[in-house]
Amino acid sequence: MISLTRRTLLVGASALTLAGTLSFRSLAAGRTYHALLVACTDYPNLPKKTWLVGPNNDANLVREYLLKNTPAPVAFAPQNIMLLAKDVEGANGLPTHAAIKAALADLAARVERDDFVYLHLSGHGAQQPAMVKGDETDGLDEIFLPFDIDKWINRDAGVPNALIDNEIGAALDAIRDKGAFVWVVFDCCHSGTATRAAEVDDELERKVEFADLVGGGEADRTAAVKLYDDITATASRALDENGQRKPAFNLTPTGGEAITKGKLVAFYAAQTVETTPEMPLPKGTADAPRFGLFTFTILSKLAQNPNVTYRQLGQAVLQQYSADSRTRPTPLFEGELDARIFGTDKTDAVMQWPVVVKDDAATIGAGLLQRLTPGSKLAILPSALSQLSDALGYVEVQSAKNLESRIKPVEFDGKPALKLADIPANAYARLAELAVDYRLVVARPAATGGLDKETALVNSVLDELAAKEKSGFHVELVDPGKSADLRLAVLRENAIAGTAADAADKPALWFLPASGDVTLTDGGRPPLIIIHPDERAKLAEATVKNLTTIFRATGLSRLAAASDYRPEEVSVEFQIRRRDVDTLEPLQASTVPRVSPGDEVHIRARNDSDKYVDINVLYVGSDYSITHIVAERLAPANGSPDARLKVGLLAFTDTSFGMERMIAVLTEAPPQSEKEDLGFLAQDGVPSATRAVGGSGFSDMLTDIGMAPATRSVMKLADKSAPKGAVMIFPMETVPRT
């Protein structure tokens, strides 16, 4: 054992053998694709403060994607998509309780074996005292709130017109009994609470307070709220008997059902003790409409790689939350996760789209969801089967919507700009250059009563640091409450409920996640700096240290988008060994396990490619610290034991708690090269410029994180000589042992 400040590392390595393959559903002949989209924005019987905006936009976006859905091999027929929403063009009616139940029953009547059903519910979720005693382990029913939800008065009847989890489960069972595969997405939350320590102007939580659901006289209201509070105070909420997260809706998707029953996949935006937001998306886009964060992230990850499995899609969502500095909510995914999205065959997805030239303008059917932003470069190819080396020329994205971009020919990579008339009729535009934006958007602290002097000092320090040309990070400062990756708050150390008893009454600079929430339960605590007004230099030095580590941790997460290794080329699996347990349990890519002091993390990796691959493993703490653990070279797959790696990485201690990440970085090793060692990303500092900056390979993008020479890195996808690379992120939550 080697003692470290934050964690204890484990040493030792031996060979391993991985076994097992994934089985994927093939595209069945004659399959029909159905969708039911439910969007609840208005709640006439509830206070106006509970109304939402984003669900209608969610439904429109999902419908547009399902109808276009390129380059995926599946497109839904318009007549098979039902939309229940208010004030949405083409909607099939209001999202009332009766309409939702009727639509589900209609699906059960119409589907046939091997059909596919996609369900998407956006709106408010909530909880009510369980209507059937003993039916719920925590004494609460999870409910979805339709348009015609009414106030709760009759204790035995529950919230009028609420869609209870048991109702949803029964309706889905009726569809699955016909042999149809069901994928259901819940973009709603339940009864989660959080302390928002920094203001956020553009986020709205999809959450209804139980008190707003209660009707009747004052005495009845008081009694009902007390009953609810008593249940939630004593219940073991959101956790199963093993202390791990359990899904909100009890849909029981298990693998032990009759073979004739259709399978089920369920995606949940949040666990029952969390809220999930809606906000203007994509971030940084002028006049962006408001979407549910969960819906928009799912659609963007799916648009970028439409041939993934549900598990891989879940991992991509978690990685995007990590890149966006989102510590909450914690999405959950369950069911037949190793099936391929929409039940399609396993194919290689190519980020390319037909070029449409009309009225002296060129467009493609892809946009912001596919990471195409103004300035993105695409190669013009004579056909969908052409190689990048056959490029006739290049275009640049001039403007982009979610699923459409306007493009213009440009001079690039030694080729002159084409004329629109010279673009062949059946030409395709294929992504030729991938950009990763490392810029860290930081929201200034808002004015705080009694701490005006300290707030002004912090803002002065931020102005000074942002103006520096070489600081080890790149920040863009925005006003308090604006969209940001990191939020700063000037508060007293003991100002937030749940702070440790020994916290002082001293002013402090808090470094908060994008949501501005502070979770102090289970031992979690955001980074902070005690402010001494007469020690500006020390404040600046500490702020630089924190921003540098946050910048690197965020940059590593964002680099996951540039990964170009396939799972069959290099496999990486993290495992957890619980304290006092001899067996290792796999850390599934789509889950966020809860771990405690004494638990261990191990890694198994295997190189199945024909090139040498360097693997680095880093641990990013809840305070954004980075610990470099392993740097090893894996030989090409030829039966050599050097192609495999089995290492005990670390044992958790009680030094910090919160959302933390294991990160595996893979880089192709060119012949005669030195082993890639990312120790320079560790918190203890970055050495002076000893590495070359520039080029187009994955290693250069990693260097950019450490040296911060520019706000973004680019990697030319056409450069076959550039080494491959990948970043794999596995989040986990460390909590005290109970």
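Is Asp413 buried, partly exposed or exposed? Asp413 is partly exposed, with a relative accessible area of 44%. That falls between the 20% limit for buried and the 50% limit for exposed. The model discussed here is predicted. Its protein chain has 10 helices and 39 strands. Of its 738 residues, 57% count as buried. Among contacts between residues at least 6 apart in sequence, 73% join residues at least 24 apart.

**Backbone exceptions**

- Most residues other than glycine have a negative phi, and most peptide bonds are trans.
- Asp413 has a positive phi of about 55 degrees and is not a glycine.
- Asp413 sits in the loop between strand S21 (405-410) and strand S22 (428-431).
- Phe342 also has a positive phi, about 60 degrees, without being a glycine.
- The loop that holds Phe342 runs between S15 and strand S16 (352-354).
- Phe342 is buried, at a relative accessible area of 2%, whereas Asp413 is partly exposed at 44%.
- A cis peptide bond links Leu281 to Pro282, with omega near 0 degrees.
- Pro282 belongs to the loop between S13 and strand S14 (290-292).
- The bond from Arg328 to Pro329 is likewise cis, with omega near 0 degrees.
- Pro329 is placed in the loop between H7 and strand S15 (332-335).

- Ala269 lies in the loop between strand S12 (264-268) and strand S13 (277-280).
- Its relative accessible area is 1%, so Ala269 is buried.
- Beyond its neighbours within four places in sequence, Ala269 touches Phe186, Asp187, Cys188, Thr276, Phe294, Pro329, Thr330 and Pro331.
- One of these contacts, Pro329, is the proline of the cis bond from Arg328.
- Another contact, Phe294, is among the H6 residues that meet H7.
- Pro331 is 62 residues from Ala269 in sequence. In space, the two C-alpha atoms are 4.7 Å apart.

- Ser590 is part of the loop between strand S31 (585-586) and strand S32 (594-595).
- Ser590 counts as buried because its relative accessibility is 1%, under the 20% limit.
- The side chains of Ser590 and Arg311 make a polar contact at 3.4 Å.
- Leaving aside neighbours within four places in sequence, Ser590 is in contact with Arg311, Gly314, Gln315, Leu318, Phe333 and Leu337.

**Helix packing: H6 with H7**

- Two packed helices are described by the angle between their axes and the distance between the axes.
- Helix H6 (residues 293-304) packs on helix H7 (residues 310-323) at about 120 degrees, with the axes 9 Å apart.
- The H6 and H7 crossing is right-handed.
- On the H6 side the contact uses Leu293, Phe294, Thr297, Ile298, Lys301 and Leu302.
- H7 supplies Leu313, Ala316, Val317, Gln320 and Tyr321.
- By class, the residues of this contact are 8 nonpolar, 2 polar and 1 charged.

**Helix packing: H1 with H6**

- Helix H1 (residues 54-68) meets H6 at an angle of about 15 degrees, with the axes 10 Å apart.
- H1 and H6 are therefore roughly parallel, since the angle is under 35 degrees.
- Their crossing is left-handed.
- Asp58, Leu61, Val62 and Tyr65 in H1 face Thr295, Phe296, Leu299, Leu302 and Ala303 in H6 in this contact.
- The contact of H1 with H6 comprises 7 nonpolar residues, 1 polar and 1 charged.
- Leu302 of H6 takes part in the contact with H7 and in the contact with H1.

**Helix packing: H8 with H9**

- The axes of helix H8 (residues 452-467) and helix H9 (residues 536-558) come within 10 Å and cross at roughly 60 degrees.
- That angle makes H8 oblique to H9.
- H8 and H9 cross in a right-handed sense.
- H8 contributes Leu457, Val458, Ser460, Val461, Leu462, Glu464 and Leu465.
- H9 contributes Arg536, Leu539, Ala540, Thr543, Val544 and Leu547.
- The residues of the H8 and H9 contact split into 9 nonpolar, 2 polar and 2 charged.

Definitions and conventions:
Residues numbered from 1 in each chain as written. Predicted model: local features only at pLDDT ≥ 70, side-chain atom pairs only at ≥ 80, totals over all residues. Heavy atoms only, no water. Helix = DSSP H or I, 4+ residues; strand = E, 2+ residues; numbered from the N terminus. Buried < 20%, exposed > 50% of the residue type's maximum accessible area, 1.4 Å probe, protein only. Contact = heavy atoms within 4.5 Å. Polar contact = N/O pair within 3.5 Å; in protein donor to acceptor, adjacent residues only side chain to side chain. Axes fitted to C-alpha atoms, helices over the stretch in contact; angles between N-to-C directions. Parallel < 35°, antiparallel > 145°, perpendicular 65-115°, else oblique. Left-handed = near helix turned anticlockwise from the far one by under 90°. Nonpolar A, V, L, I, M, F, W, Y, C, P; charged D, E, K, R; others polar.
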